[in-house]
Structure formats: C-alpha cells, structure tokens
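I opened the notebook for a new chain today.

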Amino acid sequence: MSSNQNDVVFFDENGLRTDGRKPDEIRPMKIKIGVLSRANGSCYLEWGANKVLAAVYGPREAHPKRTQRAGQAIIRYRYNMQSFSVEDRARPGPSRRSSEISKVSREAFEPVIISDAYPKAAIDIFVEVLQADAGTRTAAINAASLALVDAGIPIRGLVSACAVGKVGGKIVLDLNKPEDNYGEADLPIAMTEDGKITLVQMDGNLSPSEFEEAMELVQKGCRQVLEIQKAALMEKFAANIDFDETVA
Ligand code: CDP
C-alpha cells in the first residue's frame with residue numbers, strides 16, 4: 001500500500017473502476033485443466049492479467065523418509081514467482097514472501113484433502129506464477145484446487161479464493177495491480193465449498209464495519225470463482241461421462 005493513494009483516481013464518473021469493472025465484479029478467468037502430461041494433475045489459469053500454472057504430484061512415498069507421517073500423507077505447497085512475471089525482475093528462488101504464501105496456501109488446503117487415506121505419502125502442489133498482476137496467491141489456489149481434482153486426490157470439496165480490498169474509500173472485489181499498489185487495504189481469502197474460510201490475510205486498514213462488508217463481498221467473489229471452477233471441471237471431465245447410462 002502506497003502513501004500517495006490520495007493522488008490516484010480509482011473510479012470514473014459512472015462508478016466504474018480503471019479496468020471498467022463494477023466494485024463487486026471479478027476479473028475474467030480462463031481455465032485449462034490437464035495441461036502437463038508428467039504431473040498427476042495440472043491446471044493453467046488466467047485471471048485478468050495473472051497467469052499461473054499448477055502441478056500436483058502424488059500421493060507418492062514421502063522423501064526424505066523422516067518427513068513421513070504414520071497416519072496420513074503430508075501436503076507440500078510451493079508457490080514460486082518467475083523472474084519474468086513482474087515488471088521489475090523478481091529475484092529467483094525462495095523469498096520470505098513466497099515462503100509465507102506457500103505456508104498459508106498449504107494451510108488453506110489441509111482441511112479439504114483427505115490425507116489420512118495415504119499414510120507415509122506426500123502430496124506435492126507446485127504453482128508457478130508466469131505473469132503477475134495482483135492476486136497471484138488467490139489465482140494460484142484456484143488453479144491448485146483444480147489440479148488436485150485432476151490428480152484424483154480425494155478432497156472434501158473445491159477451495160476457491162478471491163481478494164477484496166478498499167480503494168478510494170470503497171470496498172471492491174479482486175484488486176488489480178494499481179488498486180493493490182495504491183489502495184487502502186487488500187484482503188485475500190480462501191473458502192471451501194461449504195463456506196468454511198481456510199485463509200484470511202490482510203494488508204492495510206479497515207474499520208470493523210468495512211471488514212464485515214468486505215468479508216460478505218469476498219465470499220460472493222469466492223462463490224463466483226467456484227462456479228467458474230465447476231464449469232471448467234465439467235468441460236474437462238463431463239465429455240467422458242455417458243449420461244444415458246444411468247446407474248440403477
Ligand atoms: O499477488 P498477490 O496479490 O497475492 O501478492 P502481493 O504480495 O500482494 O503482490 C501484489 C502484486 O505485486 C503481485 O501480484 C505482483 O504483480 C506484484 N509484485 C511484484 O511486482 N514483485 C514482487 N516481487 C512481488 C509482487
């Protein structure tokens with residue numbers, strides 16, 4: 001969040017945002033499931049100008065062996081931002097930011113992955129950010145969720161993620177880069193299909209009533225994302241289902 005936020009114009013005379021969206025509108029999302037043949041599951045996702053690729057491996061024997069857990073699979077999540085994904089080249093390799101995002105994203109999935117089905121195994125989720133335009137952690141979670149399904153990992157439901165924030169005094173959904181840079185607050189969340197919130201982070205300041213408004217709006221955003229995720233799954237997998245062969 002920048003201190004020169006007062007100089008930035010976030011809305012036009014019709015109340016639309018700099019990219020033409022209404023305050024409660026998310027950016028367009030495009031999804032392709034199963035793009036990598038060597039991974040057990042994969043997903044390429046574009047959200048606005050964000051481009052991310054998720055790959056899932058496993059369940060497979062966890063290595064090193066000391067990381068194995070007797071009664072369940074371990075879940076590992078690696079979020080990585082490519083050097084070329086941002087305006088100023090990102091320094092390659094792990095950073096405090098990527099470690100933090102990897103940790104909270106793994107925690108966002110832990111409640112939905114049925115890990116006790118695979119003792120001593122590892123489920124690896126890798127996400128590469130190819131192009132970043134604010135909201136990469138939420139884009140990555142949405143892609144990872146579908147890559148898990150593509151890998152056949154048993155889950156209790158999809159995880160959908162979206163950010164909400166405050167710009168120019170207004171609560172808006174799914175911040176783009178200028179809004180993220182110069183806005184007053186940014187709050188990414190992840191949510192399960194049955195409405196449980198598995199990630200909440202916040203950068204900036206919101207009053208308690210603004211926070212409530214933001215939480216309400218962002219859950220609507222997650223529901224919109226969920227519908228898009230489900231449509232992508234239908235497109236990928238429904239073609240293989242013969243609906244005429246009804247099971248008695
Ligand atoms: O991407 P996300 O909103 O989840 O995380 P952020 O830390 O709030 O970063 C917001 C945006 O800043 C990213 O999406 C990138 O567009 C940009 N960024 C960057 O240009 N260089 C970095 N080293 C990190 C982030």
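How many helices and strands does the chain have? I find four helices and ten strands. Helices are DSSP runs of H or I with at least four residues, strands are runs of E with at least two, and both are numbered from the N terminus.

I note that this is a predicted model, where local features need pLDDT of at least 70, side-chain atom pairs count only at pLDDT 80 or more, and totals for chains, interfaces and linings use all residues. Residues are numbered from 1 along each chain as its sequence is written.

**Overall build.** From the N terminus I read β-β-β-β-α-β-α-β-β-α-β-β-β-α. I looked up burial next: 41% of the 248 residues are buried (20 or more other C-beta atoms within 10 Å of the residue's own, C-beta atoms being placed from the backbone).

**Helix packing.** I checked α2 against helix α4 (residues 208–237): they pack at about 35°, axes 11 Å apart. Axes are lines fitted to C-alpha atoms over the stretch in contact, and angles run from 0 to 180 degrees between N-to-C directions. Asn 142, Ser 145, Leu 146 and Val 149 of α2 meet Val 225, Gln 229, Ala 232 and Leu 233 of α4. Contact requires C-beta atoms, placed from the backbone, within 7 Å.

**Ligand shell.** I count 14 residues around the ligand, the closest being Val 86, Ala 132, Ala 134, Thr 136 and Arg 137. The shell takes residues whose C-beta atom, placed from the backbone, lies within 6 Å. α2 (136–150), α3 (177–182) and β8 (185–192) each give two or more residues.

Key. Two residues are in contact if their C-beta atoms, placed from the backbone, lie within 7 Å. A residue is buried if 20 or more other C-beta atoms lie within 10 Å of its own, exposed if 12 or fewer, and partly exposed in between; C-beta atoms are placed from the backbone.
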